[in-house]
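Hi,

Here is the structure I promised to pass on. Have a look at it first, and then read my notes below.

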Amino acid sequence: MRSNGWVLAVILVIFLYFSFSSLNSITSSKGRQQRNDLVIERRNPFQRLNSTLLTSVLAHIRVGYMANRTPDFDTPPLLVLYSCKENNSCGSLEERLLGITSAYMFSMLWDGAAVGIDMDTPIKFDWFFETSPSYMCMNPGQVKFYLERADPATIRRAESMHDLQTTDFVSEYTSQNIHILEAGNWAPWWTLRENAHMKVLRDKYQLEKLERSEGFWIASQLLFSKPSEWLADRLSPYQNIMGGGEMYVDPLHKRPTMEGSIRERWTRVGVRMTSAEGADCIAARAAFVCSRAKLLGKQCHLFLSGSSPEVIEALRSAIAKRNKDEQPMVIHAVAEHYEFTPLSMMTGDPVLTESDEKRTKLLYARSIMDWVILSRMDYLIGTSGDDYLKTAAWAAQVQTDLYFPDNVRKCLINAMEDW
């Protein structure tokens with residue numbers, strides 16, 4: 001009897017041993033996955049990107065949206081053009097990026113439609129950005145080909161596209177034999193989520209799952225994230241503050257962050273202001289964010305963007321008061337020789353000559369360079385109501401703090417909630 005008891009005890013011990021070994025194996029497997037996630041978090045704990053959903057949506061679009069692969073002589077049922085031509089004011093840079101996003105989503109939700117960007121007032125889109133992959137948007141040559149050969153009766157030139165929620169555009173344009181739609185002012189893309197006539201393709205691309213900012217992120221990855229050769233050359237001195245490595249990385253084929261790389265060693269904070277008001281408050285916030293970075297063992301680098309040299313200088317001075325540590329915050333900004341052209345002045349005549357092109361590119365370079373650099377940051381700080389900063393934050397999908405100048409309190413900063 002005693003012998004049987006010992007046997008049962010041994011069997012129980014062996015059973016428990018293998019049970020705990022199996023459990024430990026499962027736990028270790030999960031632990032390895034968690035450690036991978038922690039590495040990502042340590043690189044940038046301020047990232048808010050839902051990478052699983054967004055990469056899935058992006059992959060579905062790149063595989064499923066085939067209309068823009070059509071050759072020059074294969075006309076799509078509808079060509080949607082974001083149009084910024086003479087006498088058509090499309091607003092500031094951020095308004096244009098939002099409008100292009102809406103035009104793109106509109107075309108994607110029309111089965112077989114193609115999309116192009118027909119902008120030459122006062123800059124051309126392809127001076128600064130390349131679509132990636134290239135087949136995701138018609139090139140200027142294709143756009144010109146279709147426009148020159150189209151029957152004028154089949155072209156709809158709309159002053160604005162604001163009724164995106166309810167109109168059955170497919171039925172309306174098909175009945176009117178419309179094959180090209182030109183518009184420069186568009187309602188926000190997310191109003192398309194409420195249009196029952198576009199539900200089938202909306203579901204196919206999972207757009208209903210996206211927040212407003214995430215839809216913009218999708219468009220930015222396809223249209224605004226790859227600098228043109230000219231812009232990449234201008235941005236090359238700022239490559240480190242942009243994260244180092246290549247100027248453009250396909251979001252679906254990102255390689256693991258290299259140990260010891262800039263992304264591992266730096267926290268990069270973008271600071272954007274349109275006036276000197278609140279510079280001390282924003283500088284204090286930047287210093288606080290940098291103190292958090294130091295706890296992670298990282299060096300803090302600040303990129304300053306402003307609407308004028310005076311604003312940049314006010315930020316520099318405010319930051320200098322708080323830059324007394326052994327590991328000071330490192331300041332970066334676009335070189336002074338690039339002009340501070342107000343975004344509200346992004347109107348004018350189309351460029352006609354090569355000399356005009358060179359001059360105009362440089363005239364608006366700072367606005368676009370600042371935006372691209374801000375969109376690559378780990379953290380952003382700015383002023384409430386600044387859509388320039390908001391669109392950069394939407395493209396970056398990182399923690400963004402906003403200063404509220406109209407509040408009774410002298411220094412009120414809250415996390416941005418408009419995502």
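How many bridges join S11 to strand S12, and do they run parallel or antiparallel? There are three bridges between S11 and S12 (residues 413-415), and the two strands run antiparallel.

Before the rest, some ground rules. This is a predicted model, in which local features need pLDDT of at least 70 and side-chain atom pairs count only at pLDDT 80 or more, while totals for chains, interfaces and linings use all residues. Residues are numbered from 1 along each chain as its sequence is written, and side-chain values use heavy atoms, with hydrogens and water left out. Helices (H or I, at least four residues) and strands (E, at least two) are DSSP runs, numbered from the N terminus.

**The sheet**

S11 and S12 belong to an open sheet of six strands in the order S9-S8-S7-S10-S11-S12, with mixed pairing. Two strands count as paired if DSSP finds at least two bridges between them. S9 and S12 are the edge strands, each pairing on one side only. On average, neighbouring strands of this sheet are turned by 25 degrees against each other, direction ignored. (Axes are lines fitted to C-alpha atoms, for helices over the stretch in contact, and angles run from 0 to 180 degrees between N-to-C directions.)

Now walk along it. At the S12 end, Tyr403 stands opposite Ile413 in S12. S11 (residues 400-403) points Thr400 and Leu402 one way and Asp401 and Tyr403 the other, and all are buried; buried means under 20% relative accessible area, exposed over 50%, and partly exposed in between (1.4 Å probe, protein chains only). S10 (residues 379-383) pairs with S11 in the parallel sense over four bridges, and Ile381 has Asp401 as its bridge partner in S11.

Further along, S7 (residues 266-273) and S8 are parallel too, paired over eight bridges, with Trp266 opposite Gln299 in S8. Seven of the eight residues of S8 (residues 299-306) are buried. Three bridges join S8 to S9, again in parallel. The chain gets from S8 to S9 through helix H12 (residues 309-320), in a right-handed β-α-β crossover. Right-handed here means that, with the strands pointing away from the viewer, the path from the first strand over the helix to the second runs clockwise. S10, helix H14 (residues 387-396) and S11 also make a right-handed β-α-β unit.

**His332**

Look for His332 in S9 (residues 330-332). His332 is the bridge partner of Phe303. Its side chain also makes a polar contact with the side chain of His301 (2.8 Å). A polar contact is a pair of N or O atoms within 3.5 Å; within protein, one must be able to donate a hydrogen and the other to accept it, and residues adjacent in sequence count only if both atoms are side-chain atoms.

**Helix H5**

Which residues of helix H5 (residues 140-149) are buried? They are Gln142, Val143, Phe145 and Tyr146. These sit on the same side of H5 because they cover an arc of only 160 degrees around the axis, taken from the directions from the helix axis to the C-beta atoms. The face turned away from that buried side carries the exposed Lys144 and Glu148. Among what covers the buried residues of H5 are strands S1 (79-84), S2 (114-119) and S5 (180-183); contact means heavy atoms within 4.5 Å. Finally, Asn139 caps the N-terminal end of H5, with a side-chain oxygen 3.0 Å from the backbone nitrogen of Gly141.

Cheers
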